[in-house]
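Subject: Structure for you to look at

Hello,

Here is the structure I said I would pass on. Please open it beside this message and follow along.

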Amino acid sequence: MSKSEEKVFGGIKYECIRCGAITYSDELEKLPEIVCPHGCSRVLKKVRPPIVKQLKAI
Ligand SMILES: [Zn+2]
């Protein structure tokens, strides 16, 4: 199963600056406001997922 990979691919990751909980943008869209899933902070920082690019060398 690769469902978790699809989630990482489709959503932007957010990390709570207080507890470090990871939330995805599609989870946050369900909420009325951006807030940590644990409710401890409204300040989440965006985490860029590692993008692996394959470059073709000619
Ligand atoms: Zn938190």
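Residues are numbered from 1 along each chain, as its sequence is written.

Confidence

The term pLDDT is the predictor's confidence in each residue, from 0 to 100. For the protein its mean is 82, and 81% of the residues reach 70 or more. Confidence is lowest in helix α1 (residues 3-10), with a mean of 54, and highest in β1, at 94. Where pLDDT is low, the predicted coordinates should not be read in detail.

Overall layout

The protein has two helices and three strands, in the order α-β-β-α-β along the sequence. Helices (H or I, at least four residues) and strands (E, at least two) are DSSP runs, numbered from the N terminus. Of the 58 residues, 9% count as buried. A residue is buried if 20 or more other C-beta atoms lie within 10 Å of its own, exposed if 12 or fewer, and partly exposed in between; the C-beta atoms are placed from the backbone.

Two residues are in contact if their C-beta atoms, placed from the backbone, lie within 7 Å. Taking contacts between residues at least 6 apart in sequence, 38% join residues at least 24 apart.

The sheet

The three strands form an open sheet in the order β2-β1-β3, with antiparallel pairing. β2 and β3 stand at the edges with a single partner strand each, so one side of each is left without a neighbour in the sheet. From one strand to the next, the twist averages 35 degrees. For this angle, axes are lines fitted to C-alpha atoms (for helices, over the stretch in contact), and angles run from 0 to 180 degrees between N-to-C directions.

Two strands pair if DSSP finds at least two bridges between them. β1 and β2 (residues 22-24) have three bridges, while β1 and β3 have four. Tyr 14 stands opposite Thr 23 in β2 and opposite Lys 46 in β3. Glu 15 stands opposite Ile 22 in β2.

The hairpin of β1 and β2 has five residues between the strands, and in it Gly 20 takes a positive phi near 80 degrees.

Why does Pro 37 count as partly exposed? Pro 37 does so because it has 15 C-beta neighbours inside 10 Å. Leaving aside neighbours within four places in sequence, Pro 37 is in contact with Ala 21 and Thr 23. Its C-alpha atom is separated by 10.0 Å from that of Cys 19, 18 residues away along the chain.

Cys 40 has 13 C-beta neighbours inside 10 Å and therefore counts as partly exposed. Not counting residues up to four places away in sequence, Cys 40 touches Cys 16, Arg 18 and Cys 19. The C-alpha atoms of Cys 40 and Cys 19 are separated by 7.6 Å, with the two residues 21 apart along the chain.

Regards

Note on methods
This is a predicted model: local features need pLDDT of at least 70, side-chain atom pairs count only at pLDDT 80 or more; totals for chains, interfaces and linings use all residues.
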